[in-house]
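This briefing concerns a predicted model.

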Amino acid sequence: MAEKIFVFSGKGGVGKSSVTAAISDSLLKMGKKVLCIDADIGFRSLDLILNVGNQVVYNWLDLIEDRCDKDKAILKTENLPDLLASPNEPSSSITFDSFKKMIDSVEESYDYIFIDSPAGSDSFHEILAKVCNKALLVVTPDSICVRSAEVAVKRAENANNNIDIRLVINRFNKNEVIKGKQLKLDDVIDNVHVQLIGVVPEDDTIRTMPDNDGRLSRRALFAFKRISKRVMGESVMFNPKDFS
Ligand SMILES: Nc1ncnc2c1ncn2[C@@H]1O[C@H](COP(=O)(O)OP(=O)(O)O)[C@@H](O)[C@H]1O
Ligand SMILES: [Mg+2]
């Protein structure tokens, strides 16, 4: 059975899709079988971040509504995680049962399935939280994002009280903290009450992933590698240098 990981935030634009793509890629490079599911209906972006935007034909709703089989729906590209793209429109056929059945039909081929969610926290997020056993809460170090994350965590836990949530603090910039323009890591952790799994720096190569063939800087690659190892259950020490 695959680990199914719900990537969520509350507020939009905090880096869920970038973090999903980069951690998936890192796990793939460590020999894992990884599927990314873009669940941002109408606003898909994982295909662009993974640089396969022009190859998407089918999506996971085609699988739910029996328009194709999983071999057609899943976009497989050498050296990239597999991708189930998002539909352009919502549909009444998206229910907990149909979504779970779709996941059940593909999961045997994977070690990890990441579900990249849209912003917000509604009934669709409840479905996503319920089908997953783990979650990554992505937060940027600012009070608006932290407050929305607190709400999103409560809703995810209400939907699935067994879900194991870990915190990714994204776009961290020590100089901004010194200037008082970003929250300190401790303050973020204390407010969201979720165990930290890693810190991702503010980094130009992450920002430009869709336009630079996904090539990341060394420090970005290392940040994602450390998180990926922790996702795999390895104990990787937190080092103050990770945050500088
Ligand atoms: N660590 C980072 N450093 C710099 N830019 C980032 C970082 N993480 C995300 N971004 C940028 O922030 C924007 C929103 O990221 P995205 O992954 O689309 O967020 P979400 O999926 O939460 O809406 C994108 O332009 C992305 O390139
Ligand atoms: Mg996104």
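Strands β2 (residues 34–38) and β4 (residues 112–116) pair in the parallel sense, over five bridges. In this pairing, Ile37 faces Ile115 of β4. Both strands belong to an open sheet of seven strands with parallel pairing, in the order β3-β2-β4-β1-β5-β6-β7.

**Sheet geometry**
- β3 (82–84) and β7 (195–201) form the edges of the sheet, each pairing on one side only.
- On average, neighbouring strands are turned by 20 degrees against each other, direction ignored.

**Helices on the sheet**
- Helix α6 (residues 123–131) packs on the sheet through β1 (3–8), β4 and β5 (134–139), and its direction makes about 150 degrees with that of β1.
- Helix α11 (residues 218–231) lies across β6 and β7, and runs at about 165 degrees to β7.

**Nonpolar core**
- The largest nonpolar core comprises 71 residues, and Ile5, Phe6, Ile115, Ala135, Leu137, Val139 and Val168 have the most contacts inside it.
- Helix α7 (residues 143–159) supplies the largest share of this core, with seven residues.

**Ligand 1**
- Ligand 1 is surrounded by 16 residues, the closest being Gly15, Lys16, Ser17, Ser18 and Arg207.
- Two or more residues of this shell come from each of α1 (16–29), β6 (164–172) and α10 (204–207), and α1 gives the most, with three.
- The shell contains three nonpolar, eight polar and five charged residues.

Terms used. Residues are numbered from 1 along each chain as its sequence is written. Chains are lettered from A and ligands numbered from 1 in the order in which they are written. This is a predicted model: local features need pLDDT of at least 70, side-chain atom pairs count only at pLDDT 80 or more; totals for chains, interfaces and linings use all residues. A nonpolar core is a set of buried Ala, Val, Leu, Ile, Met, Phe, Trp, Tyr and Cys residues joined through C-beta atoms within 7 Å. A residue is buried if 20 or more other C-beta atoms lie within 10 Å of its own, exposed if 12 or fewer, and partly exposed in between; C-beta atoms are placed from the backbone. Helices (H or I, at least four residues) and strands (E, at least two) are DSSP runs, numbered from the N terminus. A residue is near a molecule or strand if its C-beta atom, placed from the backbone, lies within 6 Å of it. Ala, Val, Leu, Ile, Met, Phe, Trp, Tyr, Cys and Pro count as nonpolar, Asp, Glu, Lys and Arg as charged, and the others, Gly among them, as polar. Two strands pair if DSSP finds at least two bridges between them. Axes are lines fitted to C-alpha atoms, for helices over the stretch in contact, and angles run from 0 to 180 degrees between N-to-C directions. Two residues are in contact if their C-beta atoms, placed from the backbone, lie within 7 Å.
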